[in-house]
4 protein chains.
Amino acid sequence: MTLDVGVIGVGMIGQEHIRRLDGGPGGSRVVAVADADAQRAATVAGQLSAAKALASGDELIASDAVDAVVVTSWGPTHEPYVLACIAAGKPVFCEKPLATTQDACRRIVDAEVAAGRRGVQVGFNRRYDPAHRALKQAVDGGAIGAPLLVHCAHRNASVPGHYTRDMSIADTAIHEIDQLRWLLGQEIAAVQVHTPRKSSRGGELQDPLLVLFEMADGVLVDVEVSVNVHYGYEIRCEVSGETGTVELADTAPVRVRSAGVVAGLVPADWRERFTLSYDIELREWVDTVVAGRPTQGPSAWDGYAAQVVSDAALQSLHAGGRVSIELPPRPGLYAAPPAS
Amino acid sequence: MTLDVGVIGVGMIGQEHIRRLDGGPGGSRVVAVADADAQRAATVAGQLSAAKALASGDELIASDAVDAVVVTSWGPTHEPYVLACIAAGKPVFCEKPLATTQDACRRIVDAEVAAGRRGVQVGFNRRYDPAHRALKQAVDGGAIGAPLLVHCAHRNASVPGHYTRDMSIADTAIHEIDQLRWLLGQEIAAVQVHTPRKSSRGGELQDPLLVLFEMADGVLVDVEVSVNVHYGYEIRCEVSGETGTVELADTAPVRVRSAGVVAGLVPADWRERFTLSYDIELREWVDTVVAGRPTQGPSAWDGYAAQVVSDAALQSLHAGGRVSIELPPRPGLYAAPPAS
Amino acid sequence: MTLDVGVIGVGMIGQEHIRRLDGGPGGSRVVAVADADAQRAATVAGQLSAAKALASGDELIASDAVDAVVVTSWGPTHEPYVLACIAAGKPVFCEKPLATTQDACRRIVDAEVAAGRRGVQVGFNRRYDPAHRALKQAVDGGAIGAPLLVHCAHRNASVPGHYTRDMSIADTAIHEIDQLRWLLGQEIAAVQVHTPRKSSRGGELQDPLLVLFEMADGVLVDVEVSVNVHYGYEIRCEVSGETGTVELADTAPVRVRSAGVVAGLVPADWRERFTLSYDIELREWVDTVVAGRPTQGPSAWDGYAAQVVSDAALQSLHAGGRVSIELPPRPGLYAAPPAS
Amino acid sequence: MTLDVGVIGVGMIGQEHIRRLDGGPGGSRVVAVADADAQRAATVAGQLSAAKALASGDELIASDAVDAVVVTSWGPTHEPYVLACIAAGKPVFCEKPLATTQDACRRIVDAEVAAGRRGVQVGFNRRYDPAHRALKQAVDGGAIGAPLLVHCAHRNASVPGHYTRDMSIADTAIHEIDQLRWLLGQEIAAVQVHTPRKSSRGGELQDPLLVLFEMADGVLVDVEVSVNVHYGYEIRCEVSGETGTVELADTAPVRVRSAGVVAGLVPADWRERFTLSYDIELREWVDTVVAGRPTQGPSAWDGYAAQVVSDAALQSLHAGGRVSIELPPRPGLYAAPPAS
């Protein structure tokens, strides 16, 4: 069976997903696209063998030709599109953030709970990266004993001029927020953002940040968020447990000896580093939907919880100090601890 | 456009390829299968949404429903099937070996040259491994200067009971034979097989071997072939050039500290190590065929040349000494040096 | 010229130093020892070719036969012995801590300033570890741009039963306190100790700790202090700068492939990890003293500053919160920034 | 007790050894020097506190002031000096080669056997390198099962203009010859030298070489000898055994991330790489001599055996082909297998 997918929002990340979904692994194709820019929608549809450009996201969601929906439009539009998908009973894959406020995220959770079935998946791709999966497997398998501390670094070579201080949390550290909940199977109970000496490479931007997260069970996490490191793109993580540690290994496929050093290449950006994770993320989503199973990936609850933590971190960034986080009880629909 | 593929031979490797090709990346599906074991063909077809089990490989090749053919049947049947595909003007992906004798390989080359168009691709998957591609990119990009020496190791954790001494060359080292021709862009001019102290783990088997290859330009290569190393499956390669060296890096995605060591996992077998290379190999083959371009991967000439070198290595293994290799002139159809 | 050394305190670390100093590199020998346990002093002296056991540390310091003094006695005795050495005009190498209170350390600084010549060196051996020196060389040489963040881990396999919570700071993290001042050439301006989830392996002990240090120039440092990690002894440090990072590399001399992993040994304890640093530390001390130069290693000021920071960290550990640190002006005798 | 050492030949390596022995670890001092260049001997003696320049090596050996002798003079003089030390009953440490011909080496062996006590040690320093010792410990400890194959690389950044083809064997590969005998506890039974494509960086020099050694028990070893690799100095070795492998690890103390790579420094030359091995070599020699024990390091037999293998390798280099090696029976004085 082939899954017929409609894609709302065909900018860069939308087109990346279309490339993976049209004639994609497991049997999917893109049959409809919509975009605020109708011309762009038409152009993208024209490059596909079976896709029509529809006038709006709402029309796309309503279309009988569309089995499942991918939302990669502008953040503020996520909430209405996802709610419409829930109402229409169609599986929806929504890029992060699930919605731009925690209240909006909460409304999505409530609607899905009312519908009684998980159909929303949020695009936290890191859960699908083979190295991060091996990390979780080592932790869950007892290779290091109970986790006690985690050290992470999220480093970008550079960021565009419009990048703001708040984006260091809401767009960048949000990945660690979801990753930590998933990796450790715990909610985050408190957060504090520290502002070290500022890099001269980032202009006015407060860069880097050091973010401390306290997990519900007391595990303490420090995350370096650096977005102008110049040398490349790198994600690092080491979990210290009672009897050992596990860390992400170097990703360079070869080592070159020349000019006095032995060296491995560092990825230039997230696309290079995480290509495979996007492949797997969408393949597993298609497989799940085709099989008629409830989606298993990052849920609406995960999107909501990440937004709550992100807001708390922003509060700490703005006002200083440690911010406690209280989540409402997790609905039974999401009974399992955060897991992929 | 979707490529409709027929698969001849649905044993283990055949079923692996079917999994990748049916609803696969780039848009392919399996529409027909055939197998010497008709029951098995029927069973496999029954698990697919669009495939019929046909009575024979010849019928499959002749079928109008089949755009392109994958040959994963028993080695001795490769020659007639590939020749039939050439005659039918259909692209064919044939698992290694192209054929079981160099004469048979040569007949395939001659038929393809007579047909005037490259349509045969041989399943030397290592060219598609990202790490091997990075290795070649470093060499071709001048990172280490002109290559002078290469050191390789091909290690299997264990081999089945029916594995014979000759298979160390014809089934195992054949991968290095193709890889070296591709990596260095040179034919192999001579070979000598050395038999070191025998492992007690391999029973009667002469294991390991040390194979020396001399490339046409004088680059000297030593290959450790060990098929009972117990600790895991590993492929190693370092190229020493005039100003530096490049080597395959460790493949472990995480490093665990525990019990006195810091350790990374080694793959258990070739499936684990090379999964991604098979994905890419078949994706690129489908893309090329769908685009109507001549196939760019390992050619019939590559299959033939590898067989000639393999035969020479077997001669050295049986009789001792250094064996020179003379290839006939490369037909213009394969004018380019060995390349992916 | 041979340096004739007297050693006060001949317990484990004292005997280690004696082994290095008697007939040691650069030309030194141990001519006198003293210990609160007179019997132990006699036994140790009896094993040396040229040493006498003296009745007290004071007698040793006063002895004409002694050119320079090593103090490795019980912490509370450090202050009077070091003051006596200053009064006698004899160079003294004092194991950490310089003294057990910051007031006592301050009295030593004042006495040395009054004497007008640096003759006191404190046993912060990490400055002599070749890997830490390479780390500092990379930072100072501009390889990573201006430092912004540092991540450290100090891990012991286990600690003896009498080890207390305060020792995590005063005996263990004290090494990082000195190392950071030396590595970054900055005083520490504030400290906060966090207590994550407690390891079940440490009994009542609060283990691990996460200590945040703020350097005077805003560099932020997080230090994992874990003293029951079971897997081995390990010191880790990565400095993140404006254009790159530098970290301590693995120390294993060989890598073993076996049983599914590729692994390197982790040191069992600090003796194994830092043997070479002690060799170099004492060799350089002897060379400096023999040459009649003021001692260049960790100074009385360094011992004092470390004690002030350690006290602040203990205050944070006991009462919670961030503790600011105000040092008095650095006397001109120690004009240079912290350096080896 | 202090060991009073005389040093014959005070060129570069002689002065290096003097620096280590005068006031050196374990208690040694240099009391006499001699050199073909009397002026140089006087200058060097003048820089030491207790050394006299003597008129000749023979006078030095005969001097009652000299307990033990270090021979670092010109190779052709080694034989008479070592024989004189044996005759005088004085321990002698002789830099490699023991003598410049295998006959001369044999005469030394015969003289020492006649004397009935081991007093000659040859300067094969690699046995004292901690990484090589860890390699041997892994092999001997059974970590990889019985050894079957070894791969080595000996790479120099560059060589001086007077360096000749034969020196690739006699001065460079000689280190691997001794190392392999020691590491594997086996004599070398045959050797063949291969000449791959010549590096354009070495002028007329045939560089690199690939040398195959067959150990007496069938272990096969390939050694890359490259003396113009430009990128730095590096010694590599991997031993493949029945159940695993062990290899020398990278030596870089820190890893720097910058400009798109993560990199570790490679040593510039053998002095940088092997400093510690020389320290340990001489310390252990002094300790052994002071203790009055027969020397345990590389023996006269080891010097002789290495010379025989080196000569065989040169024969293969000049005339081509595999050269078998027959050693006479090992005298009982050297009954143990080659060991440190």
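Which strand does strand E12 (residues 244-248) of chain A pair with, and in which sense? The legends below work through that and a few other close-ups. This is a predicted model, where local features need pLDDT of at least 70 and side-chain atom pairs count only at pLDDT 80 or more, while totals for chains, interfaces and linings use all residues. Residues are numbered from 1 along each chain as its sequence is written, and chains are lettered from A and ligands numbered from 1 in the order in which they are written.

**View 1. Strand E12 of chain A pairs with E13(B).** The two run in the antiparallel sense over five bridges. Here strands (E, at least two residues) and helices (H or I, at least four) are DSSP runs, numbered from the N terminus, and two strands count as paired if DSSP finds at least two bridges between them. Look for A:Thr245, which stands opposite B:Arg257 in E13(B).

**View 2. Chain B meets chain A.** Each of these chains puts 30 residues into the contact; two residues are in contact if their C-beta atoms, placed from the backbone, lie within 7 Å. On chain B's side, helix H6 (130-140), strand E12 (244-248) and strand E13 (254-258) each supply at least two residues. That side has 16 nonpolar, 11 polar and three charged residues. Ala, Val, Leu, Ile, Met, Phe, Trp, Tyr, Cys and Pro count as nonpolar, Asp, Glu, Lys and Arg as charged, and the others, Gly among them, as polar.

**View 3. Chain A meets chain D.** Now 13 residues of chain A touch 13 of chain D. On chain A, strands E13 (254-258) and E14 (261-265) give two or more residues each, and E14(A) has the largest share, five residues. E14(A) also pairs with strand E14 (residues 261-265) of chain D, antiparallel, over five bridges.
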